[in-house]
Amino acid sequence: MTDAAFQESYTTPDGRKIGDVVMEMKNISLRFGGVTAIKDISFDIREGEVRAIIGPNGAGKSSMLNVINGFYHPQEGEVWFRGEKRGPMKPYQIARQGIARTFQNIALFKGMSTLDNIMTGRLIHMNTSIASQAFWKGPAEREEIENRERVEKIIDFLEIQTIRKTPVGSLPYGLQKRVELGRALASDPSLLLLDEPMAGMNVEEKEDMSRFILDVNDEFGTTIALIEHDMGVVMDISDRVVVMDYGAKIGDGTPDEVRQDEKVIAAYLGVSHD
Amino acid sequence: MSADFLFGVEVLLNGLMAGVMYSLVALGFVLIFKASGIFNYAQGVMALFAAQTLVGIQTGLIPFSHLINAMLGTKIHHFGWNVPTFIAILITIGIMVLFAIIVEKLILKHLVNQEPIILFMATIGLAYFLEGFGDLMWGAEIKKLDVGIPQGGNLWIEESTAFLGGDDFYGFYLDTLDIYATVIAVILVASLILFSQYTKTGRALRAVADDHQAALSVGISLRTIWVIVWSIAGFVALVAGVMWGAKSGVQFSLSLIALKALPVLMLGGFTSIPGAIIGGLIIGVGEKLFEFLIGAPFLGGATENWFAYMLALVFLIFRPQGLFGEKIIERV
Amino acid sequence: MIYREVGDFKTTYRADGQTFPIRFDRWRYYAVLLVAFAVVPFIINDYWLNAVLLPFLIYSIAAIGLNILTGYCGQVSLGTGGFMAVGAYSCYKLMTGFPDLNIMICVLVSGIITALVGMLFGLPSLRIKGFYLAVATLAAQFFLVWMFNKVAWFYNYSASGQINAPERTMFGYKITGAETSAPVTYLFCLVLVVILAIVARNLTRGHLGRSWMAIRDMDIAAEIIGVNPLKAKLTAFGISSFYIGVAGALLFAVYLGAVEVGEVFGIQKSFLVLFMIIIGGLGSIFGSFAGAAFMVLLPVLLKNVLVGTLGWPTDIATHLEFAIVGALIVMFLILEPHGLAQLWRIVKEKLRLWPFPH
């Protein structure tokens, strides 16, 4: 179960093409004061794959996503994205490189409608000047309409047409999760990070969400890294899995490999220490 | 020792005493902030209202007499008696407690779990209301407040320090009232710290400050705590109001001490009692020294109006949580 | 039965995104504009102009400005009075320094100067959040008022320390100075108000407005989806201050004519404008107008009823006004945090369904 097995691009059993490494984490360590959240972790994410990060609560998974999108800055280690080492960058600059994400606790903009929330995902593609926005007619309105068209496609894709103008605060949890996915998709990301996209959902909602994730991966060719607790879902939809425990990496490989790894089993089921 | 240096020391001493008063007002803020997460802008107006009430009761003013006169065409103003200071103080404390209960019932209860900034704006509204209400109740004219503390330069200190300088130095000029105020403020600050550290209510108060939910789950009544805290804040307001009112009369400008306390809090951190004390001293000394060394000679004076804010602003840019505040770790 | 959106189908995104999507609203809006431009100037007199209309128009601009910063971008500012003073003193310096400059240009350039000052004081908003920032903006308030009081250059070394607006004309009509006529000053302010309100609406519905609201609703998430917080906050501070500066310039030059900084632009002014947007509705252009109208009309009404009709002393009416305003602020925050604008929306919602209950 070494990374050597994945040196070349390959084709998955269901016929999707997995390309080169897009993101590589090299020896990442992250500490808050005296607490070590991540200990010397390395792994990579390949073009077009669904990469899962799993582990017990408090293993450092969310911190890992926060490192990937630049919200946390690791004390040690390097992040390589598309062949370039990442310097000191702000989260919004990283978003503009095509990395989008959703959050474990929904982080929608409560004062805005579904449509406006998803439109915020387009912000990185909208750049008419303040002056032309003040007059509206002309470039600003054109830009608004072009981006609205893109957003409407996402609304159709996620089947949320009926709640287009509803304030997101009043939506049920499952729909809010879907709107959040829509907002992330609206930026046309090449790498999509999903932090527990199915937490707190019932079986039907989970099935819907799994379908959306796989469709996004399939139709838009978006690379996906996700954190999820439901092992059934993880094993079904992901191509490769990183397993974390107490901030360290204890496993990495295809779902089948990981499932049989003794250290992983120990972390999840507990093991007697003789 | 040169006269300039000695004047500097005098400025420093006066600054320290002003600083203790700032600390006292700031302490009222910290107490309410810790227990209810509310930044109580009305603290200054509470001080004004408490002082107005005290004078009103002392001198036997009839509440709302102006309003009654306007409505009924009567000409009432005084009951015609004087209430002893001590009893008047007790009654005023009672009224401040009543005020705390009303605030809890009518406002706090309905604003639980609102964003801090909404609560802050609500207290600005409360301040406006209380200001109008206090003026309606007692009249807006400047009142003299006399609680029996002597005023004017302290001769003993002046005479006993005169030897430090040359012929043109007559000793440090310190106001007796300021000295009393400082002593009372120190006692009050100390007893509040002892209260919150060593009494059962104080422990409950600190528990609430730490975590509302956890405190509720061990059976602490949040609403009782709020009433207690607002009552204490009302008491602190009364002391501050009496001290400042005795010095310069009970009038509108008294409510502006809240504005003096704000930068103290920013500097010291909103949640820290030692922060409020040290922040108050830094600002008290800082603004007096700045005015003495830079403001008056070079900038045309009256820099006390903004110095504290600028100091706090510059400080916050480098340390947003204040001197003693807890470090903010942002999470998603 | 007229107030319906049924049958009013939108077939383009342009039609869907317009300001008044319901036909009846659109007509009412045109009717209001028609009355304001074509009827009011002919019936206006000095009392109505000075007591109600001018302050209403000028404070509407200030309220829109503060609403952009506080209602849309979520950054509470208590420095409004100070920023209005920047507008007023800029206007004074421009009017006296360049006597040939058109008064409209003076007012707009004052706005731009205020915008720059506002952005300067907005810089700390990157590090300081919530009410820490609100308190930090008090630094601007106190410092600016002190500066205009102490630095004699700003009031051209006049002995009184006051600034007085010299007479300026536009198209031959007197806009500022002693002998202005009511319809002229009214129209001058009205034109500015209408243009600035439309611009504010346009800015808040586009991507800039969305980035402000994203920062307001959840700043961390906003940054992670690609909003540059520095840019969003500074544009909000800048544009907001532009509006507030224009309002300050108008208040000084057109309305008051003479100003003493501590009296007119003290912290009470900051609270007044803040109250307007709380009562009117945070995050609503209409609410800015409603709040300004309310806060301008309330004292006029109280004065007319209590002092004029009942013959009470003025100071009691003032105290009562304080108590009422304070109580209203608390009530609005508890019962309807979105202010009059939300009450208006609820009424409209009911009207759409009328006569059916649901």
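Predicted model: local features only at pLDDT ≥ 70, side-chain atom pairs only at ≥ 80, totals over all residues.
**Chain A against chain C**

I found 33 residues of chain A in contact with 25 residues of chain C.

Next I asked which elements of chain A each supply at least two residues of the side that touches chain C. I noted helix 2 (91-96), strand 8 (99-101) and helix 3 (114-121). Helix 4 (130-135) and helix 5 (139-157) belong on that list too. Helix 5 of chain A gives the largest share of this side, 5 residues.

I then sorted the chain A side by class. The residues that touch chain C divide into 19 nonpolar, 6 polar and 8 charged.

**Domains of chain A**

I turned to the domain assignment of chain A. Domain 1 is given as 1-98 + 189-274. Domain 2 is given as 110-188. I looked up the distance between their centres, taken over C-alpha atoms, and it is 28 Å.

**Domain 1 against domain 2**

How many residues of domain 1 of chain A are in contact with domain 2 of chain A? I got 11 residues of domain 1, facing 10 residues of domain 2.

I checked which elements give two or more residues to the domain 1 side of this contact. They are helix 2 and helix 7 (203-219) of chain A. Helix 7 of chain A provides the largest share of that side, 4 residues.

By class, I wrote down 8 nonpolar, 1 polar and 2 charged residues for the side of domain 1 that touches domain 2.

One entry links both contacts. Helix 2 of chain A is listed for the side that touches chain C, and helix 2 is listed again for the side of domain 1 that touches domain 2.

Conventions
Residues numbered from 1 in each chain as written. Chains lettered and ligands numbered in written order. Contact = placed C-beta atoms within 7 Å. Nonpolar A, V, L, I, M, F, W, Y, C, P; charged D, E, K, R; others polar. Domains from an automatic or database assignment.
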